[in-house]
Amino acid sequence: MESEPLLTGSINYGSHPDDNDHLEKGSPKTRRLSYSVAAEYCCVGGGDVDLYLQQAVVFIEDAIQYRSINHRVDTNSLRLYRWYYSRLWQWGLGLTIAVVLMLAFIERPSSFSYTSDPRFRPPPWEPPCGLTEGIEIVCLIIFAIDLTTKSYLIGWDEFRKCKWLIVYILAVSASVIDWTLTLSMYCDQNLRVRRLIRPFFLLQNSSLMKKTLKCIKRTLPEIASVILLLALHLCLFTMIGMLLFAKGENPKHNGEWETYFRDLPTSLSSLLVLLTTANNPDVMIPAYSLNRGYSIFFILFSGFGTYFLMNLLTAIIYNQFRGYLLMSVQASILRRRLGVRAAFEVMSCQGRGQDATHSEEHVERVRVDASLQVMARVQMKSYYRQAIIKRLQQLSDGFIQWEAFRGLFDELDKDRIKEHPPKPEYNSPLLQKLQLVFSHYYVMIVGNAVALANVMCICTILVLDSEKSMAERDDYYMEVINCFFILYYLMEMSLKILAFGWRGYLSYRNNIFDGLLTFCLLVLQITIFATYRLPFPKWNPASRGLMSLWEMVRLVNMLIVVRFLRIIPDIKLMALVASTLVDLVKNLRAFAGILVVVFYVFAVLGIWLFQGAITAPGKMSVMSNSSMENITINFTMECGSYEQLGYWPNNFDDFASSLVLLYNIMVVNNWQVFMDAYTRYTTEWSKVYFVSWWLTSSVMWVNLFVALILENFIYKWDRSVTCSVADVERTGYETTVQLMFREQIQEPTEEELVTQLHQHPHLHLS
């Protein structure tokens, strides 16, 4: 199961290559796994042939998905195991986790209002008692089924070793108890502890999230050492600052003391914010106005802290996290090799059952036809299956040795080379010439130049019409230009389809993007003509239907601007950067998932601590059309404060606004304004919450994300140095975390695999 420990037993990845040679040349007893005749799941007999195949299928699927093989291997358990990891159940479980997390938007305090500004926010819609509770109990029942199934499949001995499953039981139990308390109080419970528990369900469902969390945990000591140095730096300069800017006899010279260095908490928070550059140069202006020499203090503080210690922290996080992630990936590779080895052993067990002599030859090789049967039943991507089957069919002697069998699954680590369909063949000389011209690379360059010209025309007209009112605008020229370019795009698309054929045209991702937008532009332009007729000078008809003419023209122009992104795949560096971003979105979801967990927990804590702390102004007058224009405020506001800047929508009054506020603090621009406001409206201790969030999000997580972007980009850059733009287009880069560290990974030795197989709790190898 994916929740199993990554490594069990003593694993040595530093083995010398000669050690493998020694094992291969040694006696068969050092490599051969002999099955006990009395073994429960590997007894030799013709009736167990289908069981061997089922076991091999499941072990290979475990290898493909980097799952542990330490689960039950009898017929019924294997059937249940495959159902558990089927797309239906896994998608259903993922949907359940999403639903239980989304309940925070609906529960009291509900986020169902058009604005989060307390001055204009109407009473939000509150769900009736039992609605969200009913949805939640269904989700908890599904989690209980998931927990029961997972626990049964790995067995009691493995269950006791798995801390994640033990915590899973506690999480479900605590959620049910808190749910019962909510119903017993008729849904009038403000402090719902299970809200903090919900993110755990997201964590425990992803093995990569667990690995990432483990890596972060192991990186914390190094991070803590730098943060301790930062704290020392902060405290030292705070003391110097309080001595340097102490209160003097002349009130005119006390501006720095009064605003930023009045007491220890104020001084600490002022310099902490300066460390993030959010209040620079405001914090130094009162002193700098008196004497320019005071700037040296602030420059030394920010120069050493911001540019040295903070960047050193990024380097340490990158180095340490990368090392621990490499160890985790190494363990994943061990799982893959172990699954392949287990499949080979159970298939060789089948071979012994079919051979009366039980010769050693059958122990070290498996039948090709049995391998083909297994590969036909394995759930995997079709192009990998076809590559493996093709290699199997090339074997002529009917058997495959272990080394060759292991080499089959090297196909899983290869790039998928996308072969475009052959071009259609035409008999007409005219069509042949058109095909030759419009399949040429220069046609793409001309198309990009035309798209650039279109964008420049739109930009020119927008600049000329920027100061004109709606009545003064003449959309005739804009429409004529749009019609001309859309007709060109339609002609270009049609001729490309003629040159490449439908399948060939759709085999290019940029053609799909280009064609889809061209079709949308054509539909919109036809709609404009059908609604407002053909354009003519001074063409500005009255609004009809759902959208005015100007709105429809703007929509067309926005699509044209978006269509200009077609140039990205044609420029190598841009294509590389774009593919890096796509891979980050697709394959580094675990890191984003942990960020979701952190946001969720801090948002819930923020609601508990600060809900309703900031109240709206006492007297105001809002226009009947809710335009928020005529507002009278009966209190004075300090310049640069929360109230003067109009930050009212940023609050902890509901879950959605809490998430937005936490994001604004993570960006660190003006984050001291929020900290100051909640300090004034609550207590000084509220700073602990905001500083904790800044350390967690901006210091730790943003640096981790930068490290991952660097690793991903460097990996892709190294691979693409010798590639052309066409190669980038043809190669389906599927960059996973495992592939990023492929060159640094050491293969586990034969002895390690055998040792791990002997420790299998259900296969009973002797």
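How many disulfides does the structure hold? I looked this up first. The structure holds one disulfide. I keep in mind that this is a predicted model.

**Entry: the disulfide**

I recalled what the term stands for. A disulfide is a covalent bond between the sulfur atoms of two cysteines. Here the partners are Cys-129 and Cys-187. Their sulfur atoms sit 2.0 Å apart. I then checked the torsion about the S-S bond. It comes to about 70° for Cys-129 and Cys-187, so I noted the disulfide as right-handed.

Next I asked where the two cysteines lie. Cys-129 is in the loop between helix 4 (87–106) and helix 5 (131–161). Cys-187 is in the loop between helix 6 (163–184) and helix 7 (194–204). The pair therefore ties together parts that are 58 residues apart in sequence.

Is Cys-187 buried or exposed? Its relative accessibility is 4%, and the limit for buried is under 20%, so Cys-187 counts as buried.

Cys-139 has a relative accessible area of 5% and is buried. Cys-520 has 30% and is partly exposed.

**Entry: His-253**

I turned to His-253. This residue lies in the loop between helix 8 (207–244) and helix 9. Its relative accessible area is 47%, so His-253 is partly exposed.

I moved on to empty space. Rolling a probe the size of a water molecule over the atoms shows where such space is left. How much space lies in the second largest pocket? The value is about 790 Å³. The pocket is lined by 27 residues. Closest to its centre are Thr-259, Tyr-260, Glu-638, Gln-672 and Asp-676.

Which helix gives the most to this lining? Helix 25 does, with six residues. Helix 9 (255–260), helix 10 (264–275) and helix 25 (671–681) each supply at least two residues of the lining.

Last, I sorted the lining of the second largest pocket by residue type. Eight residues are nonpolar, 10 are polar and nine are charged.

Note on methods
Residues are numbered from 1 along each chain as its sequence is written. This is a predicted model: local features need pLDDT of at least 70, side-chain atom pairs count only at pLDDT 80 or more; totals for chains, interfaces and linings use all residues. Side-chain values use heavy atoms; hydrogens and water are left out. On a 1 Å grid over the protein atoms alone, a cavity is a set of points where a 1.4 Å probe fits but cannot get out, and a pocket is an open set with protein on both sides within 12 Å along at least five of seven lines; lining residues have an atom within 4 Å of a point. Grid points are joined across faces, edges and corners, and a volume is the space filled by probe spheres set on the points. Helices (H or I, at least four residues) and strands (E, at least two) are DSSP runs, numbered from the N terminus. Ala, Val, Leu, Ile, Met, Phe, Trp, Tyr, Cys and Pro count as nonpolar, Asp, Glu, Lys and Arg as charged, and the others, Gly among them, as polar. A disulfide is a pair of cysteine sulfur atoms within 2.5 Å. Buried means under 20% relative accessible area, exposed over 50%, partly exposed in between (1.4 Å probe, protein chains only).
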